[in-house]
There are 2 protein chains.
Amino acid sequence: MRKRVVIALGGNAILQRGQRGTYEEQMSNVRKTAKQIVEIILDNNYDVIITHGNGPQVGNLLLQQDAGEAYNIPAQPMDVCGAMTQGQIGYMIQQAITNELKKRGLYKPVATIVTQVLVDKDDPAFQNPSKPVGPFYDEETAKKLAREKGWVVIEDSGRGWRRVVPSPGPKDIVEKDVIRDLVERGFIVIASGGGGIPVVEEDGRLKGVEAVIDKDLAGERLAEVVNADVFMILTDVNGAAINYGKPDEKWLGRVTLDELRRYYEEGHFKKGSMGPKVLAAIRFVEWGGERAVIAALDKAVQALKQKTGTQVIRD
Amino acid sequence: MRKRVVIALGGNAILQRGQRGTYEEQMSNVRKTAKQIVEIILDNNYDVIITHGNGPQVGNLLLQQDAGEAYNIPAQPMDVCGAMTQGQIGYMIQQAITNELKKRGLYKPVATIVTQVLVDKDDPAFQNPSKPVGPFYDEETAKKLAREKGWVVIEDSGRGWRRVVPSPGPKDIVEKDVIRDLVERGFIVIASGGGGIPVVEEDGRLKGVEAVIDKDLAGERLAEVVNADVFMILTDVNGAAINYGKPDEKWLGRVTLDELRRYYEEGHFKKGSMGPKVLAAIRFVEWGGERAVIAALDKAVQALKQKTGTQVIRD
């Protein structure tokens, strides 16, 4: 029986550090990523569901939206910008995968699903915006924008001032029936890009909110709704490490749920970086997933075969 | 047996003339449109596939992308911008439909599919760019941009200078298998927004091109691939007219394929406006569709029941 893997692509799958975000740069990275994904489909005989980050893309888009206000073009809210980057990145990935399959004489439908992710309107994150988004400003501009637009702004690691938005936890994937159906059919699905478009339910209606959902935590929910066997997070390092950056740093290979949970509680993994990846991996195996993997993008094929990366198993 | 209708929403379903394009304006229009669509689903017992224009949205986005260049943010090419507006508009429509259904105690999955539309790389349109896109410029700026970016620019109806891009004919819907599958399941599908993302096949690979496909002609291809019974084009006038704007102007009600073809060849319908709508209607009935409808957005329910609008039938 074919197995099912949800692959969460990190930002480096689309844009490398130091790149500005031209179409050519992005498409060139995406082509390499597509090659990995097609290898997985063929070599490992897996059904593949893909999710991805959108940090640099939505950052660029927010700045463009800002810049457009000088020409009287209204900026769209963050949920809409998220939807736009799902279209943007999904298109690049689906085209690159189709082409990579064609090159090998294969055809398999690929679909990008514009995905809303439900969050709880009472999530404490709404009282404590913590996720930096968009461009850096000087203090004066940042405080002016905060007054004018009702933003919360903070000084970010000595690099300047930025807007921060809430990062609520993902509760459910609104388009789950659509995604499930396409996966059942054996199609390749790209969903929940950028952590999904965050929506709350208010008086029985869905409503977009200005927030960012962590893409690995949302990817984990996606893995649950498609009943995945494996949840694989691909990033720019080859797994999770304890005592990271210290003399006794140790990279984790095969690790049980109990062990990883202990490391997580001991605070080994950095917030907003390896922390949510490890948490997403823990949640997936707790839910009943066979295995969660954290690995480097360029080692995806080997990592899925358990030859490298951090492999999280029940016991 | 349930019938199947492809509805092509005009720009006015999302943004009214004179509006700037704020989220609130667009969402308020989209909510009204969603109400019409849900009426059709319930009252007429039709399966519904939706496509839509993106003119004002992609126009705004192109201007924002331009404006962002001052901050060193690379502008994305037109195909990517088209994909972004599919995410943007699809998200608004899918959320509004879901909410309108919920209000009536109903649930039905809604999916926006990021859609590539194949065009012929030898389409003569590529030698003759004619579709104005994006902002107006003064002559000097327009000619400078033309030199710098390789754009073709023209003076547009005395309103200033604009970029023009090719408008090739739609050949095929790349994601047709995905769309068909979801329609078969009875899901509501939003696809081929803005006429689809234009792609050509080159050395066996898909590649985005800087072009705009007419959304009604692309919608007609969509109607073919989902095997629709009815193709309905909703716009801001209640059908097609011959001798439009003249003393002997006559609005067309029920009209046969032969009659409409003759009027089309006689040049009754304006290029870039009613022309492609009539052509799309003709093509659909020629292909074997039961009926094509051109009607006003706010009369959609009645038009589908043949009580108003232009109704194109075989004979």
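Author: Let us begin with a loop. B:Asp123 lies in the loop between β4 and β5 (131-137) of chain B; helices (H or I, at least four residues) and strands (E, at least two) are DSSP runs, numbered from the N terminus. This is a predicted model, in which local features need pLDDT of at least 70 and side-chain atom pairs count only at pLDDT 80 or more, while totals for chains, interfaces and linings use all residues. Residues are numbered from 1 along each chain as its sequence is written, chains are lettered from A and ligands numbered from 1 in the order in which they are written, and side-chain values use heavy atoms, with hydrogens and water left out.

Reader: Is B:Asp123 buried or exposed?

Author: The terms rest on relative accessible area: buried means under 20%, exposed over 50%, and partly exposed in between (1.4 Å probe, protein chains only). B:Asp123 has a relative accessible area of 17%, so the residue counts as buried.

Reader: Which residues does B:Asp123 touch, not counting residues up to four places away in sequence?

Author: Contact means heavy atoms within 4.5 Å. By that rule B:Asp123 touches B:Pro168 and B:Gly169. Sequence and space may also be set side by side: B:Asp123 and B:Pro170 are 47 residues apart in sequence, with their C-alpha atoms 9.9 Å apart in space.

Reader: Where is B:Gln116 found, and what does B:Gln116 touch?

Author: B:Gln116 is found in strand β4 (residues 116-118) of chain B and is buried, with a relative accessible area of 0%. Residues up to four places away in sequence are again not counted, and the residues touched then include A:Tyr91, A:Gln94 and A:Gln95 of chain A, as well as B:Asp172 and B:Leu206 of chain B.

Reader: How is chain B related to chain A?

Author: Copies are superposed by least squares on the C-alpha atoms of residues with pLDDT of at least 70 in both. Here a rotation of 180° with 0.0 Å of shift along its axis places chain B on chain A, with an RMSD of 0.0 Å. That is the relation of a two-fold axis. Moreover, 100% of the interface residues of chain B are also interface residues in chain A, so the copies meet through the same surface.

Reader: How many residues of chain B are in contact with chain A, and what area do the chains bury between them?

Author: In all, 56 residues of chain B are in contact with 56 residues of chain A. Buried area is the accessible area (1.4 Å probe) that two parts lose on being put together, summed over both. For chain B and chain A the value is about 5000 Å², 57% of it on carbon and sulfur atoms. Within chain B, the residues that lose the most area to chain A are B:Gln64, B:Tyr91 and B:Arg205, together 13% of what that side buries.

Reader: How many salt bridges are there between chain B and chain A?

Author: A salt bridge is a side-chain nitrogen of Lys or Arg within 4 Å of a carboxyl oxygen of Asp or Glu. The count between chain B and chain A is four. One of the pairs between the chains is B:Asp181 with A:Arg185, whose closest N and O atoms are 3.0 Å apart. B:Asp181 is also among the buried residues of α5(B).

Reader: Which salt bridge links distant parts of a chain?

Author: A:Lys149 forms a salt bridge with A:Asp66, the closest N and O atoms being 4.0 Å apart. A:Lys149 is in helix α4 (residues 139-149) and A:Asp66 in helix α2 (residues 55-68) of chain A, 83 residues apart. A:Lys149 is partly exposed at 34% relative accessible area, and A:Asp66 is partly exposed at 22%.

Reader: What separates B:Asp258 and B:Arg261 in helix α7 of chain B?

Author: B:Asp258 and B:Arg261 form a salt bridge, with their closest N and O atoms 3.0 Å apart. They are three residues apart in helix α7 (residues 257-265) of chain B, and are therefore separated by about one helical turn. B:Asp258 counts as exposed at 54% relative accessibility, whereas B:Arg261 is partly exposed at 26%.
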